[in-house]
Amino acid sequence: MFRPVIPASGLAGWNFLQATYDRQLKSFTESAQTRSDQAYLSEKLSEPITVDAFLNDRRLLRTALTAFGLEGEEWKRGFIKKILTEAADPQSTFLARLNNNQYTRFAEAFRPSGNVISVSEATRESVGARFATESFESAVGQIDNSLRLSLNFKSEIDSLVGNGSSDNAVLYRLLGNVPVRTVLERALNLPSDIRNLPIERQADMLKDALSKRLGIRDLDTLKSAETVSKIVERYNALEALAQGASSGRNPSVVTLLSGIGSSAAENLFRSRQS
């Protein structure tokens, strides 16, 4: 299995990962294990499958869940069955009340009809590609979880913001998505005990911090490339400082490394592959 190359933490690691992301993802996608899992998913979903058969096939369920950022949720088979059952009911408001974008997208892809899941070729290809990307991000997290959270934030933020939703709805979605929430809490230097407060108070504090620390008053701004970059860079800088302080490392090392350019990053990545 291809192992991502992450030569540094903090901003240095983030800059390197951004410079080599496409090449590393391609190498990961072409690895034997990833291709095998993608082929298994495509084969099993090439014909209609009952909900129970889908849930009882551990490899298929793991691959499908991973594609939507739900890796490790396989044990929740009863809950997942309810998700699919409710998704098939046009009168159900369960998914809206759950307010979990990942499970909503999962349910839309595998919504059953008469207890049978039928997946189009286009959806199979899309899920297979999602699986490779999410698996790569998981592999990054095994080396540096802060960088995985940064990738999660970058890929998830657009689906959480906008679409004509009210500010409160957006804030609740941000707070309900663990990777996005974690990045925002650190980037905005929110207190560690904020999660103990009522959700309404948490939303107020998040909105206030976005305004005061980043000048964000229109939440739609959160999905702009410039804002995403600013938040992720701030998150990695503050996370590196926090980790450096707790371990006694000199955080100036991170600052010195953060200037690594894309050419140097590519050379280092290629040297690791030779």
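Q: Why does Lys 81 count as partly exposed?
A: Lys 81 has a relative accessibility of 34%, and because buried means under 20% relative accessible area and exposed over 50%, with partly exposed in between (1.4 Å probe, protein chains only), Lys 81 counts as partly exposed. This is a predicted model, in which local features need pLDDT of at least 70 and side-chain atom pairs count only at pLDDT 80 or more, whereas totals for chains, interfaces and linings use all residues. Residues are numbered from 1 along each chain as its sequence is written, and side-chain values use heavy atoms, with hydrogens and water left out.

Q: What makes the pairing of the Lys 81 and Asp 52 side chains a polar contact?
A: The two side chains are joined at 3.0 Å, and a polar contact is a pair of N or O atoms within 3.5 Å, where, within protein, one must be able to donate a hydrogen and the other to accept it, and residues adjacent in sequence count only if both atoms are side-chain atoms; the pair of Lys 81 and Asp 52 is therefore listed as a polar contact.

Q: Which residues does Lys 81 touch, not counting residues up to four places away in sequence?
A: With contact meaning heavy atoms within 4.5 Å, Lys 81 touches Val 51, Asp 52 and Leu 55. The C-alpha atoms of Lys 81 and Val 51 are separated by 7.4 Å, although the two residues lie 30 residues apart along the chain.

Q: What is the make-up of the lining of the largest pocket by class?
A: The lining has 6 nonpolar, 9 polar and 7 charged residues, where Ala, Val, Leu, Ile, Met, Phe, Trp, Tyr, Cys and Pro count as nonpolar, Asp, Glu, Lys and Arg as charged, and the others, Gly among them, as polar.
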